[in-house]
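User: I am new to reading protein models, and I would like to learn how to look at helices and sheets. Could you take me through one case step by step?

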Amino acid sequence: MTNGEEEPLSPMARVFQSPGIDLCAVTIMGFKTKINPDVVLDALKQNVSKHPRFSSILSDNGAKWIETEVNVEDHVIVPYTDPEEIGEGGQSFIDDYMSRLTMIPLDRSRPLWDIHILNVKTSDAEAVSFIRSHHSLGDGMSLISLMLACTHKTSDPDMFSNAIPPMKRRATLSHSLKTKGWFLRSIFTIGSTMRLLWNTTIDMLLLLATVLFLKDTKTPLKGGADVRNNPKRFYHRIISLDDIKLIKNAMNMTINDVLLGITQASLSHYLNRHYDKKKEEDGALTSYQNNLPDGIRFRVACTVNLRSDIGFKPLADMMVKDSKCRWGNYFSFIFLPFTIGLQTDPLVYLKMSKSMMARKKHSYHAALVYFIIKIVLKVFGAKAAAELFDRPVRNTTTCVSNVIGPMEEISFRGHPVSYIAPSSYGHSHAMLIHLMSYADKMIISLAYDPTVIPDPHKICDDMEESLKAMKASLCERGLL
């Protein structure tokens, strides 16, 4: 092993690799053909040395990256699989294998990543790869850019898979206001600034309360203090991205608003069903449809990209120093107060999510959280910064992350990709919800603690049913 140039870790990377956190990102990829391990090894040997994060190890104090030589064979694992023994239980075999890996930490004497190739057939893939990378290497946007740099369009193998549309942050001043006189523009700017300051103040006070004492209601979806140390399992479901776009256009909202509305609706129905079972077990049978207790506090940590340029860029551009779309962990989070309840009109969930996100976008909460963690890290060290990051996470119920993926089908060295399901483990939530678009699909990916949530498929069932109900309601009103 040869040590080379050293580079300091970013603030969030320091937090993620601290002993109390140790967060690991996961990318599960389904392929339409069996995977040739030799092809994977050859591709890695040619490219891994070009990426400093994947060819570096952590220093002893966890503060710097140290370049090192990489033996690719140590990072690619192909377990023996007996087709006769597995039979029709391919997905069960893969689920058990991945769950065991969540209890095996990455070897810190090597670069913090590995790839597991499982040539096992499931209902939606001929083979599956399970890619682990420590979250200190980079966030979801960074990892997706790396994946795009390593793949090609299936329709045109000579073209790299950079088919992700450019994205810009929305202007705070609408086009109609820009054409008005200076007096109206000034009134709007003053009002908007006052609202921004008010929202930010309220959000930071709520954050302080959450760090100190404010906890979510204990529900069947909220884990206990030991949930971080339990084995995690992964489950995914593929739904139609086209249906989501139809609802987005009809309701004049973003795809993220639609996904949050669907999530809010599905979790309400899931919890209602569980509270109904609890009443039956207690002998208190009821004919009421709504079994949810009043006043449930249910907050969702939602990740926010802090880069000034939020669109995807080529990997080479992300690695440039001072890039506006740079590689690393440049994200923060906000807390979304979900209203857990049954609605007779499914579109109410969409209206609530749109209003909630419009309010949260008009706040500096996410940027201030990142800034505070950075200051605490410098003044008090990584342990204090990790506790500041983790305390509000422990006191909320779940986390939702939405990442845009390739608009066209991609392939890796002649292996067409069927689906991409990002996730992570090492967190303090009993369940994480990751959402990622891919071609005409939207992949729902759950990481969950089976001792808390034994039936994740029912959550995905509720998400599908909520999507259908919203689409049907819009059709009835002639909006589709």
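User: Which residues of helix H5 are buried?

Analyst: Buried means under 20% relative accessible area, exposed means over 50%, and partly exposed lies in between, with a 1.4 Å probe and protein chains only. In H5, the buried residues are Met141, Ser142, Leu143, Ile144, Ser145, Leu146, Met147 and Leu148. Because 8 of the 10 residues of this helix (residues 140-149) are buried, H5 is largely enclosed by the rest of the structure. This is a predicted model, in which local features need pLDDT of at least 70 and side-chain atom pairs count only at pLDDT 80 or more, while totals for chains, interfaces and linings use all residues. Residues are numbered from 1 along each chain as its sequence is written, and side-chain values use heavy atoms, with hydrogens and water left out.

User: What is the strand order of the open sheet?

Analyst: Strands of a sheet pair through backbone hydrogen bonds, either parallel or antiparallel. Helices (H or I, at least four residues) and strands (E, at least two) are DSSP runs numbered from the N terminus, and two strands pair if DSSP finds at least two bridges between them. Here 7 strands form an open sheet with mixed pairing, in the order S5-S6-S7-S2-S14-S13-S8. Strand S5 (76-77) and strand S8 (152-153) are the edge strands, each pairing on one side only.

User: How many bridges join strand S2 to strand S7?

Analyst: Strand S2 (residues 24-31) and strand S7 (residues 127-134) run antiparallel and are joined by 8 bridges; for Ala25, the bridge partner in S7 is Ser133.
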